[in-house]
Amino acid sequence: MLLTISTTLSPATDLGFLLHKHPDRVQVFEQAFGTAHVFYPDADEDRCTVALLLDVDPIRLVRTRGKNTPDFSLGQYVNDRSYAASSLLASAMAAVFRTAMRGRCEARPELPGRPMPLEITLPALPCRGGAAAAERYFAPLGWDVRAVPVPLDPGFAEWGDSRYVTLTLTGELRLADALNQLYVLLPVLDDSKHYWLAPDEVDKLIRAGEGWLAAHPERDSITRRYLANRRALVRAALGRLADADDSPEDELYREQLEEERPESASVPLAERRVQAVLDVLRDERAPRVIDLGCGSGTLVARLKDDPYFERIHGTDVSDRAIAIATRRAAAGDARVEVFQGALTYADERFRGHDAAVLMEVVEHIDPPRLPAVEKVVFGDARPRVVLVTTPNVEHNVRYEGLAPGAMRHPDHRFEWTRAEFAAWAERVAAAHGYQVRYVPVGDDDAEVGAPTQMGVFTLREAV
Ligand code: SAH
(Lines give C-alpha, C1' and ligand atoms only; values in the text may rest on other atoms or scores of the structure.)
Protein backbone atom coordinates (compact mmCIF):
# COMPACT_ATOMS: atom_id res chain seq x y z
CA MET A 1 0.00 0.00 0.00
CA LEU A 2 1.78 3.08 -1.26
CA LEU A 3 1.26 6.83 -1.39
CA THR A 4 3.72 9.30 -2.85
CA ILE A 5 3.65 13.08 -2.66
CA SER A 6 5.93 15.15 -4.89
CA THR A 7 6.54 18.85 -5.12
CA THR A 8 8.51 21.16 -7.37
CA LEU A 9 8.45 23.94 -4.81
CA SER A 10 11.73 25.79 -4.74
CA PRO A 11 13.59 24.46 -2.86
CA ALA A 12 11.61 21.25 -3.10
CA THR A 13 13.34 19.79 -0.05
CA ASP A 14 11.22 22.13 2.10
CA LEU A 15 8.78 19.25 1.91
CA GLY A 16 10.91 17.59 4.59
CA PHE A 17 10.37 20.53 6.97
CA LEU A 18 6.65 20.54 6.28
CA LEU A 19 6.31 16.84 7.00
CA HIS A 20 8.76 16.87 9.89
CA LYS A 21 10.57 13.98 8.27
CA HIS A 22 14.16 14.32 7.19
CA PRO A 23 14.73 13.55 3.47
CA ASP A 24 17.98 11.66 4.19
CA ARG A 25 16.45 9.09 6.46
CA VAL A 26 14.16 6.11 6.19
CA GLN A 27 11.83 6.09 9.17
CA VAL A 28 9.65 3.33 10.53
CA PHE A 29 6.46 3.78 12.55
CA GLU A 30 4.74 0.83 14.14
CA GLN A 31 0.95 0.97 13.84
CA ALA A 32 -1.65 -1.20 15.53
CA PHE A 33 -2.27 -2.95 12.21
CA GLY A 34 1.16 -2.96 10.57
CA THR A 35 4.24 -0.92 9.87
CA ALA A 36 4.49 2.44 8.12
CA HIS A 37 7.72 3.39 6.35
CA VAL A 38 8.48 6.95 5.29
CA PHE A 39 11.27 7.63 2.82
CA TYR A 40 12.22 9.96 0.00
CA PRO A 41 12.84 8.29 -3.37
CA ASP A 42 13.67 11.74 -4.71
CA ALA A 43 15.14 14.68 -2.76
CA ASP A 44 16.58 17.37 -5.01
CA GLU A 45 16.30 21.13 -4.90
CA ASP A 46 13.90 21.13 -7.84
CA ARG A 47 11.85 18.00 -7.11
CA CYS A 48 11.23 16.12 -3.92
CA THR A 49 9.07 13.05 -3.38
CA VAL A 50 8.07 11.45 -0.13
CA ALA A 51 6.66 7.93 0.00
CA LEU A 52 4.50 6.40 2.69
CA LEU A 53 4.52 2.64 2.46
CA LEU A 54 2.18 0.75 4.72
CA ASP A 55 2.85 -2.86 5.36
CA VAL A 56 -0.35 -4.31 6.78
CA ASP A 57 -0.13 -7.29 9.07
CA PRO A 58 -3.41 -9.22 8.72
CA ILE A 59 -2.95 -11.00 12.04
CA ARG A 60 -2.36 -7.77 13.94
CA LEU A 61 -5.30 -6.25 12.09
CA VAL A 62 -7.64 -8.94 13.37
CA ARG A 63 -6.33 -8.58 16.92
CA THR A 64 -6.98 -4.85 16.96
CA ARG A 65 -10.48 -4.97 15.60
CA GLY A 66 -13.08 -3.23 17.70
CA LYS A 67 -15.95 -4.77 19.60
CA ASN A 68 -18.38 -3.68 16.92
CA THR A 69 -16.77 -5.56 14.09
CA PRO A 70 -18.44 -8.73 12.88
CA ASP A 71 -17.51 -12.06 14.33
CA PHE A 72 -14.48 -13.99 13.33
CA SER A 73 -14.49 -14.94 9.71
CA LEU A 74 -11.95 -15.98 7.16
CA GLY A 75 -12.59 -12.72 5.39
CA GLN A 76 -10.69 -10.95 8.09
CA TYR A 77 -7.54 -12.86 7.23
CA VAL A 78 -7.98 -13.14 3.50
CA ASN A 79 -8.81 -9.76 2.07
CA ASP A 80 -7.28 -6.94 0.11
CA ARG A 81 -6.25 -4.85 3.10
CA SER A 82 -2.55 -5.50 2.59
CA TYR A 83 -2.53 -4.23 -0.94
CA ALA A 84 -5.14 -1.53 -1.15
CA ALA A 85 -4.86 2.06 -0.07
CA SER A 86 -7.82 2.70 2.17
CA SER A 87 -8.87 3.61 5.67
CA LEU A 88 -5.74 1.95 7.05
CA LEU A 89 -3.51 4.16 4.97
CA ALA A 90 -5.58 7.13 6.09
CA SER A 91 -5.04 6.26 9.77
CA ALA A 92 -1.33 5.69 9.20
CA MET A 93 -1.14 9.06 7.46
CA ALA A 94 -2.83 10.75 10.39
CA ALA A 95 -0.39 9.15 12.82
CA VAL A 96 2.78 9.80 10.84
CA PHE A 97 1.99 13.28 9.45
CA ARG A 98 -0.08 14.59 12.35
CA THR A 99 1.68 17.96 12.76
CA ALA A 100 1.70 18.59 9.01
CA MET A 101 -2.03 17.87 8.84
CA ARG A 102 -2.62 20.54 11.48
CA GLY A 103 -0.72 23.01 9.30
CA ARG A 104 2.08 23.60 11.78
CA CYS A 105 5.78 23.92 11.11
CA GLU A 106 7.90 25.48 13.84
CA ALA A 107 11.11 25.46 11.81
CA ARG A 108 9.48 27.36 8.92
CA PRO A 109 6.21 28.89 10.18
CA GLU A 110 5.46 30.59 6.85
CA LEU A 111 5.50 27.35 4.85
CA PRO A 112 2.21 25.64 5.82
CA GLY A 113 0.09 28.60 4.75
CA ARG A 114 1.47 28.57 1.21
CA PRO A 115 -0.14 26.63 -1.63
CA MET A 116 2.53 24.58 -3.41
CA PRO A 117 2.71 22.53 -6.60
CA LEU A 118 1.85 18.97 -5.61
CA GLU A 119 1.57 15.65 -7.33
CA ILE A 120 0.08 12.78 -5.38
CA THR A 121 0.04 9.20 -6.60
CA LEU A 122 -1.75 6.12 -5.32
CA PRO A 123 -0.94 3.16 -7.56
CA ALA A 124 -3.75 0.94 -6.25
CA LEU A 125 -6.69 2.81 -4.84
CA PRO A 126 -9.92 0.88 -4.28
CA CYS A 127 -12.45 3.18 -5.82
CA ARG A 128 -16.12 2.40 -5.80
CA GLY A 129 -17.72 4.16 -8.74
CA GLY A 130 -14.45 4.00 -10.70
CA ALA A 131 -12.57 6.89 -12.23
CA ALA A 132 -15.69 9.05 -12.38
CA ALA A 133 -16.06 8.88 -8.59
CA ALA A 134 -12.45 9.96 -8.05
CA GLU A 135 -13.06 12.91 -10.36
CA ARG A 136 -16.29 13.86 -8.58
CA TYR A 137 -14.68 13.93 -5.15
CA PHE A 138 -11.29 15.48 -5.91
CA ALA A 139 -11.91 17.85 -8.83
CA PRO A 140 -14.09 20.36 -6.88
CA LEU A 141 -11.17 20.82 -4.48
CA GLY A 142 -8.97 22.16 -7.26
CA TRP A 143 -7.18 18.96 -8.25
CA ASP A 144 -6.43 17.88 -11.74
CA VAL A 145 -7.50 14.24 -11.53
CA ARG A 146 -6.10 11.34 -13.53
CA ALA A 147 -7.67 8.01 -12.60
CA VAL A 148 -6.76 4.98 -14.70
CA PRO A 149 -8.67 1.78 -14.04
CA VAL A 150 -6.50 -1.20 -13.16
CA PRO A 151 -7.52 -4.25 -15.23
CA LEU A 152 -8.50 -7.34 -13.26
CA ASP A 153 -5.84 -9.29 -15.09
CA PRO A 154 -3.70 -7.65 -17.77
CA GLY A 155 -3.53 -11.02 -19.57
CA PHE A 156 -7.33 -11.25 -19.92
CA ALA A 157 -8.70 -7.94 -21.16
CA GLU A 158 -12.19 -9.48 -21.46
CA TRP A 159 -12.39 -9.84 -17.67
CA GLY A 160 -12.66 -6.07 -17.51
CA ASP A 161 -11.44 -3.70 -14.84
CA SER A 162 -10.92 -4.31 -11.14
CA ARG A 163 -12.34 -1.96 -8.54
CA TYR A 164 -8.94 -0.27 -8.33
CA VAL A 165 -7.63 2.80 -10.04
CA THR A 166 -4.20 4.33 -10.31
CA LEU A 167 -4.85 7.83 -9.10
CA THR A 168 -2.69 10.86 -9.81
CA LEU A 169 -3.69 14.24 -8.44
CA THR A 170 -1.92 17.41 -9.48
CA GLY A 171 -2.64 20.85 -8.18
CA GLU A 172 -1.44 23.87 -6.29
CA LEU A 173 -2.71 23.45 -2.73
CA ARG A 174 -1.52 23.77 0.82
CA LEU A 175 0.03 20.52 1.96
CA ALA A 176 -2.14 20.36 5.10
CA ASP A 177 -5.30 20.68 3.00
CA ALA A 178 -4.11 17.95 0.65
CA LEU A 179 -3.39 15.58 3.53
CA ASN A 180 -6.71 16.24 5.23
CA GLN A 181 -8.57 15.70 1.97
CA LEU A 182 -6.84 12.35 1.44
CA TYR A 183 -7.51 11.39 5.03
CA VAL A 184 -11.24 11.78 4.49
CA LEU A 185 -11.55 10.77 0.85
CA LEU A 186 -9.48 7.56 0.76
CA PRO A 187 -11.93 5.63 2.96
CA VAL A 188 -14.82 7.38 1.20
CA LEU A 189 -13.65 6.06 -2.17
CA ASP A 190 -12.94 2.62 -0.75
CA ASP A 191 -16.41 2.49 0.77
CA SER A 192 -15.97 -1.08 1.94
CA LYS A 193 -16.75 -2.30 5.42
CA HIS A 194 -14.72 -0.36 7.97
CA TYR A 195 -12.92 -2.29 10.61
CA TRP A 196 -13.94 0.03 13.35
CA LEU A 197 -15.71 3.29 13.82
CA ALA A 198 -14.34 5.13 16.83
CA PRO A 199 -16.87 7.11 18.88
CA ASP A 200 -15.09 10.36 17.96
CA GLU A 201 -15.33 9.67 14.22
CA VAL A 202 -17.67 12.62 13.70
CA ASP A 203 -15.18 14.97 15.37
CA LYS A 204 -12.39 13.62 13.20
CA LEU A 205 -14.42 14.19 10.06
CA ILE A 206 -15.34 17.74 11.02
CA ARG A 207 -11.75 18.56 11.97
CA ALA A 208 -10.20 17.09 8.81
CA GLY A 209 -12.95 18.62 6.68
CA GLU A 210 -12.40 22.13 7.97
CA GLY A 211 -12.29 24.70 5.21
CA TRP A 212 -13.32 22.40 2.35
CA LEU A 213 -15.98 19.86 3.25
CA ALA A 214 -18.86 22.17 4.17
CA ALA A 215 -18.86 23.73 0.70
CA HIS A 216 -18.06 20.53 -1.26
CA PRO A 217 -20.84 19.65 -3.74
CA GLU A 218 -20.58 15.99 -2.62
CA ARG A 219 -20.68 16.89 1.07
CA ASP A 220 -23.63 14.58 1.77
CA SER A 221 -22.28 11.51 0.09
CA ILE A 222 -18.79 12.04 1.55
CA THR A 223 -20.28 12.26 5.03
CA ARG A 224 -22.48 9.21 4.52
CA ARG A 225 -19.74 7.03 3.16
CA TYR A 226 -17.14 8.21 5.66
CA LEU A 227 -19.43 7.33 8.53
CA ALA A 228 -20.32 4.00 6.93
CA ASN A 229 -23.95 5.03 6.72
CA ARG A 230 -24.56 5.08 10.47
CA ARG A 231 -27.64 7.25 10.32
CA ALA A 232 -27.42 8.96 13.68
CA LEU A 233 -23.76 9.81 13.15
CA VAL A 234 -24.37 11.03 9.62
CA ARG A 235 -27.16 13.28 10.80
CA ALA A 236 -25.05 14.71 13.61
CA ALA A 237 -22.17 15.38 11.23
CA LEU A 238 -24.32 17.01 8.56
CA GLY A 239 -25.96 19.22 11.15
CA ARG A 240 -22.63 20.36 12.47
CA LEU A 241 -21.18 20.90 9.01
CA ALA A 242 -24.10 23.07 8.05
CA ASP A 243 -23.55 25.02 11.26
CA ALA A 244 -19.86 25.49 10.49
CA ASP A 245 -18.93 29.09 9.85
CA ASP A 246 -17.48 28.27 6.46
CA SER A 247 -20.71 26.78 5.21
CA PRO A 248 -22.27 29.20 2.76
CA GLU A 249 -25.80 27.85 3.22
CA ASP A 250 -27.77 26.40 6.05
CA GLU A 251 -29.92 24.10 3.96
CA LEU A 252 -28.55 20.91 5.42
CA TYR A 253 -29.21 22.03 8.91
CA ARG A 254 -32.78 22.55 7.88
CA GLU A 255 -33.05 19.02 6.52
CA GLN A 256 -31.53 17.61 9.65
CA LEU A 257 -33.96 19.30 11.99
CA GLU A 258 -36.92 18.42 9.86
CA GLU A 259 -35.97 14.82 10.07
CA GLU A 260 -35.41 14.95 13.78
CA ARG A 261 -38.41 17.01 14.79
CA PRO A 262 -41.35 16.56 12.47
CA GLU A 263 -43.57 18.81 14.61
CA SER A 264 -41.34 21.85 14.12
CA ALA A 265 -40.63 20.85 10.59
CA SER A 266 -40.77 24.06 8.67
CA VAL A 267 -38.30 26.35 10.44
CA PRO A 268 -34.72 25.27 11.14
CA LEU A 269 -32.91 26.51 14.22
CA ALA A 270 -30.39 28.65 12.32
CA GLU A 271 -33.29 30.46 10.68
CA ARG A 272 -35.18 30.91 13.95
CA ARG A 273 -32.05 32.40 15.45
CA VAL A 274 -31.72 34.97 12.67
CA GLN A 275 -35.43 35.75 12.94
CA ALA A 276 -35.24 36.23 16.71
CA VAL A 277 -32.30 38.60 16.30
CA LEU A 278 -34.09 40.64 13.60
CA ASP A 279 -37.23 40.88 15.76
CA VAL A 280 -35.38 42.13 18.81
CA LEU A 281 -33.40 44.67 16.77
CA ARG A 282 -36.64 46.13 15.47
CA ASP A 283 -38.33 46.08 18.89
CA GLU A 284 -35.37 47.90 20.33
CA ARG A 285 -35.43 50.42 17.47
CA ALA A 286 -31.87 49.73 16.39
CA PRO A 287 -31.49 50.44 12.67
CA ARG A 288 -27.69 50.73 12.81
CA VAL A 289 -26.20 47.35 13.56
CA ILE A 290 -22.79 45.73 13.77
CA ASP A 291 -22.51 41.96 13.61
CA LEU A 292 -19.47 40.98 15.68
CA GLY A 293 -18.07 37.61 14.57
CA CYS A 294 -20.22 37.75 11.45
CA GLY A 295 -18.73 34.55 9.95
CA SER A 296 -19.63 34.14 6.31
CA GLY A 297 -22.29 36.83 6.55
CA THR A 298 -25.59 35.00 7.10
CA LEU A 299 -27.02 37.73 9.31
CA VAL A 300 -25.50 40.59 7.31
CA ALA A 301 -27.26 39.27 4.19
CA ARG A 302 -30.58 39.13 6.02
CA LEU A 303 -30.25 42.60 7.50
CA LYS A 304 -29.52 43.86 4.01
CA ASP A 305 -32.80 42.42 2.73
CA ASP A 306 -34.69 44.57 5.21
CA PRO A 307 -34.92 48.29 4.36
CA TYR A 308 -35.50 49.11 8.05
CA PHE A 309 -31.78 48.72 8.66
CA GLU A 310 -29.77 51.81 7.81
CA ARG A 311 -26.27 50.68 8.55
CA ILE A 312 -25.11 47.09 8.47
CA HIS A 313 -21.53 46.42 9.46
CA GLY A 314 -19.94 43.06 10.05
CA THR A 315 -16.57 41.99 11.33
CA ASP A 316 -14.76 38.71 11.88
CA VAL A 317 -11.24 37.64 12.72
CA SER A 318 -11.17 35.08 9.91
CA ASP A 319 -9.93 36.30 6.51
CA ARG A 320 -11.74 33.52 4.83
CA ALA A 321 -15.07 34.35 6.47
CA ILE A 322 -14.66 38.02 5.50
CA ALA A 323 -13.89 37.08 1.90
CA ILE A 324 -17.08 35.01 1.70
CA ALA A 325 -19.18 37.63 3.51
CA THR A 326 -17.92 40.33 1.16
CA ARG A 327 -18.75 38.31 -1.91
CA ARG A 328 -22.11 37.38 -0.52
CA ALA A 329 -23.42 40.53 1.08
CA ALA A 330 -21.29 43.60 0.66
CA ALA A 331 -21.47 44.22 -3.08
CA GLY A 332 -23.51 47.13 -4.34
CA ASP A 333 -25.16 48.31 -1.12
CA ALA A 334 -23.82 51.45 0.51
CA ARG A 335 -25.36 50.46 3.88
CA VAL A 336 -23.17 47.38 4.11
CA GLU A 337 -19.54 47.15 5.15
CA VAL A 338 -17.60 44.11 6.30
CA PHE A 339 -14.04 44.17 7.59
CA GLN A 340 -11.57 42.01 9.36
CA GLY A 341 -11.19 42.68 13.06
CA ALA A 342 -10.57 40.99 16.39
CA LEU A 343 -12.98 41.33 19.29
CA THR A 344 -10.19 41.15 21.82
CA TYR A 345 -8.91 44.61 20.87
CA ALA A 346 -10.79 47.89 21.18
CA ASP A 347 -11.51 49.21 17.71
CA GLU A 348 -13.16 52.52 16.88
CA ARG A 349 -15.04 50.86 14.03
CA PHE A 350 -17.05 48.95 16.64
CA ARG A 351 -18.39 52.26 18.02
CA GLY A 352 -21.31 54.40 16.91
CA HIS A 353 -23.89 51.66 16.22
CA ASP A 354 -27.29 51.29 17.90
CA ALA A 355 -26.78 47.57 18.43
CA ALA A 356 -24.08 44.93 18.39
CA VAL A 357 -24.88 41.28 17.76
CA LEU A 358 -22.74 38.37 18.93
CA MET A 359 -24.56 35.44 17.36
CA GLU A 360 -22.99 32.09 18.30
CA VAL A 361 -19.63 33.76 18.94
CA VAL A 362 -18.81 33.77 22.68
CA GLU A 363 -18.52 29.97 22.83
CA HIS A 364 -15.71 30.20 20.24
CA ILE A 365 -13.59 32.39 22.51
CA ASP A 366 -11.08 30.92 24.95
CA PRO A 367 -12.32 31.63 28.49
CA PRO A 368 -9.16 33.57 29.46
CA ARG A 369 -9.80 35.96 26.53
CA LEU A 370 -13.48 36.44 27.21
CA PRO A 371 -12.94 39.32 29.69
CA ALA A 372 -11.09 41.23 26.95
CA VAL A 373 -14.06 40.78 24.61
CA GLU A 374 -16.48 41.90 27.36
CA LYS A 375 -14.44 45.09 27.83
CA VAL A 376 -14.24 45.80 24.11
CA VAL A 377 -17.96 45.29 23.49
CA PHE A 378 -19.64 46.54 26.66
CA GLY A 379 -16.97 48.95 27.91
CA ASP A 380 -15.55 50.49 24.75
CA ALA A 381 -17.94 50.03 21.80
CA ARG A 382 -20.82 50.44 24.25
CA PRO A 383 -23.86 50.34 21.94
CA ARG A 384 -27.34 50.89 23.39
CA VAL A 385 -28.23 47.23 22.70
CA VAL A 386 -26.11 44.07 22.70
CA LEU A 387 -27.55 40.69 21.63
CA VAL A 388 -25.70 37.54 22.58
CA THR A 389 -26.81 34.10 21.44
CA THR A 390 -25.14 30.86 22.49
CA PRO A 391 -26.06 27.16 22.72
CA ASN A 392 -27.95 25.96 25.77
CA VAL A 393 -25.96 22.87 26.67
CA GLU A 394 -28.88 21.39 28.65
CA HIS A 395 -30.63 20.88 25.33
CA ASN A 396 -27.83 18.68 23.93
CA VAL A 397 -29.41 15.54 25.36
CA ARG A 398 -32.18 16.06 22.80
CA TYR A 399 -29.73 15.70 19.90
CA GLU A 400 -29.69 12.14 18.78
CA GLY A 401 -26.20 11.18 17.66
CA LEU A 402 -24.40 13.73 19.83
CA ALA A 403 -22.32 11.68 22.26
CA PRO A 404 -23.03 12.41 25.94
CA GLY A 405 -20.84 15.29 27.04
CA ALA A 406 -19.85 16.19 23.46
CA MET A 407 -20.21 19.74 22.24
CA ARG A 408 -22.10 20.77 19.12
CA HIS A 409 -19.06 22.00 17.24
CA PRO A 410 -15.38 21.07 17.61
CA ASP A 411 -14.38 24.73 17.79
CA HIS A 412 -16.60 25.44 20.81
CA ARG A 413 -14.51 26.21 23.87
CA PHE A 414 -17.48 25.73 26.18
CA GLU A 415 -21.26 25.45 26.13
CA TRP A 416 -23.26 26.97 28.96
CA THR A 417 -26.32 25.86 30.89
CA ARG A 418 -29.02 28.48 31.26
CA ALA A 419 -27.80 29.22 34.79
CA GLU A 420 -24.20 29.59 33.66
CA PHE A 421 -25.19 31.94 30.86
CA ALA A 422 -27.32 34.01 33.23
CA ALA A 423 -24.50 34.21 35.79
CA TRP A 424 -22.12 35.48 33.10
CA ALA A 425 -24.68 37.89 31.67
CA GLU A 426 -25.65 39.37 35.06
CA ARG A 427 -22.03 39.94 35.98
CA VAL A 428 -21.19 41.62 32.65
CA ALA A 429 -24.36 43.73 32.68
CA ALA A 430 -23.73 44.93 36.25
CA ALA A 431 -20.09 45.73 35.55
CA HIS A 432 -20.92 47.93 32.56
CA GLY A 433 -24.26 49.50 33.41
CA TYR A 434 -26.55 47.31 31.31
CA GLN A 435 -29.65 45.33 32.18
CA VAL A 436 -30.35 41.96 30.61
CA ARG A 437 -33.36 39.85 29.67
CA TYR A 438 -33.47 36.38 28.14
CA VAL A 439 -35.22 35.10 25.05
CA PRO A 440 -35.31 31.35 24.28
CA VAL A 441 -34.83 30.48 20.60
CA GLY A 442 -36.21 27.26 19.13
CA ASP A 443 -38.67 24.84 20.75
CA ASP A 444 -38.67 25.66 24.45
CA ASP A 445 -38.52 22.20 26.01
CA ALA A 446 -40.17 22.08 29.44
CA GLU A 447 -37.31 20.16 30.95
CA VAL A 448 -34.10 21.25 29.22
CA GLY A 449 -35.08 24.58 27.68
CA ALA A 450 -34.64 25.86 24.13
CA PRO A 451 -31.66 24.84 22.00
CA THR A 452 -30.37 28.43 21.74
CA GLN A 453 -30.37 31.05 24.47
CA MET A 454 -30.30 34.76 23.76
CA GLY A 455 -29.45 37.58 26.13
CA VAL A 456 -30.73 41.07 25.29
CA PHE A 457 -28.57 43.69 27.02
CA THR A 458 -29.75 47.29 27.10
CA LEU A 459 -27.81 50.23 28.43
CA ARG A 460 -29.36 51.53 31.69
CA GLU A 461 -28.86 55.27 31.01
CA ALA A 462 -30.78 54.92 27.78
CA VAL A 463 -33.86 53.30 29.37
N1 SAH B 1 -22.20 34.87 13.78
C2 SAH B 1 -22.03 33.88 12.72
C3 SAH B 1 -20.78 33.01 12.87
C4 SAH B 1 -20.69 32.21 14.13
S5 SAH B 1 -19.21 31.19 14.18
C6 SAH B 1 -23.28 33.01 12.63
O7 SAH B 1 -24.02 32.93 13.60
O8 SAH B 1 -23.48 32.38 11.59
C9 SAH B 1 -18.16 32.17 15.24
C10 SAH B 1 -17.41 33.24 14.51
O11 SAH B 1 -16.71 34.01 15.47
C12 SAH B 1 -16.38 32.70 13.54
O13 SAH B 1 -16.62 33.24 12.28
C14 SAH B 1 -15.06 33.17 14.14
O15 SAH B 1 -14.11 33.48 13.13
C16 SAH B 1 -15.47 34.38 14.92
N17 SAH B 1 -14.55 34.73 15.99
C18 SAH B 1 -14.07 33.90 16.95
N19 SAH B 1 -13.24 34.56 17.76
C20 SAH B 1 -13.19 35.84 17.31
C21 SAH B 1 -12.50 37.02 17.72
N22 SAH B 1 -11.69 37.01 18.77
N23 SAH B 1 -12.68 38.15 17.02
C24 SAH B 1 -13.51 38.18 15.94
N25 SAH B 1 -14.19 37.10 15.52
C26 SAH B 1 -14.03 35.96 16.19
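## Ligand site

In this predicted model, 15 residues surround the ligand, and the closest are G293, D316, V317, L343 and M359. By class, the shell consists of seven nonpolar, five polar and three charged residues.

A polar side-chain atom of D316 lies 2.6 Å from an oxygen atom of the ligand. The backbone takes part through M359, where an N or O atom is 2.8 Å from a nitrogen atom of the ligand. V317 also contributes a polar backbone atom, at 3.3 Å from a nitrogen atom of the ligand. On its own the ligand has 570 Å² of accessible area, and the protein covers 86% of this.

## Aromatic pairs

A pair of aromatic rings is described by the distance of the centres and the angle of the planes. The count for this structure comes to ten aromatic pairs. One of them joins F378 and Y434 in an edge-to-face arrangement, with 5.2 Å from centre to centre and 90° between the planes. F378 belongs to helix α14 (residues 370-381) and Y434 to strand β13 (residues 434-441), so this pair ties together parts that are 56 residues apart in sequence.

## Salt bridges

Side chains of opposite charge can pair when their charged atoms come close. Across the whole structure, a search finds 21 salt bridges. Among them is the bridge between D14 and R108, whose closest N and O atoms are 3.4 Å apart; the cut-off for such a pair is 4 Å. D14 lies in helix α1, while R108 lies in the loop between α4 (98-101) and β5 (116-126), so the contact ties together parts that are 94 residues apart in sequence.

## Backbone geometry

Most residues other than glycine have a negative phi, and most peptide bonds are trans.

The peptide bond from S10 to P11 is cis, with omega near -5°. P11 sits in the loop between β1 (2-7) and α1 (14-19). R285 is not a glycine, yet has a positive phi of about 50°. The position of R285 is in the loop between α11 (269-283) and β8 (288-292).

## Surface patch

Which residues form a nonpolar patch on the surface? The patch is made of L152, F156 and W159, which together have about 330 Å² of accessible area. L152 is placed in the loop between β6 (144-151) and β7 (161-173).

Conventions: Residues numbered from 1 in each chain as written. Predicted model: local features only at pLDDT ≥ 70, side-chain atom pairs only at ≥ 80, totals over all residues. Heavy atoms only, no water. Patch = residues over 30% accessible without salt bridge, like charges linked within 9 Å, V, L, I, M, F, W, Y side chains within 5 Å. Areas by Shrake-Rupley, 256 points an atom, 1.4 Å probe, with all protein chains shown as cover. Salt bridge = Lys/Arg side-chain N within 4 Å of Asp/Glu carboxyl O. Helix = DSSP H or I, 4+ residues; strand = E, 2+ residues; numbered from the N terminus. Near = heavy atom within 4 Å. Polar contact = N/O pair within 3.5 Å; in protein donor to acceptor, adjacent residues only side chain to side chain. Nonpolar A, V, L, I, M, F, W, Y, C, P; charged D, E, K, R; others polar. Phe/Tyr/Trp six-rings, centres within 6.5 Å; stacked < 30°, edge-to-face > 60°.
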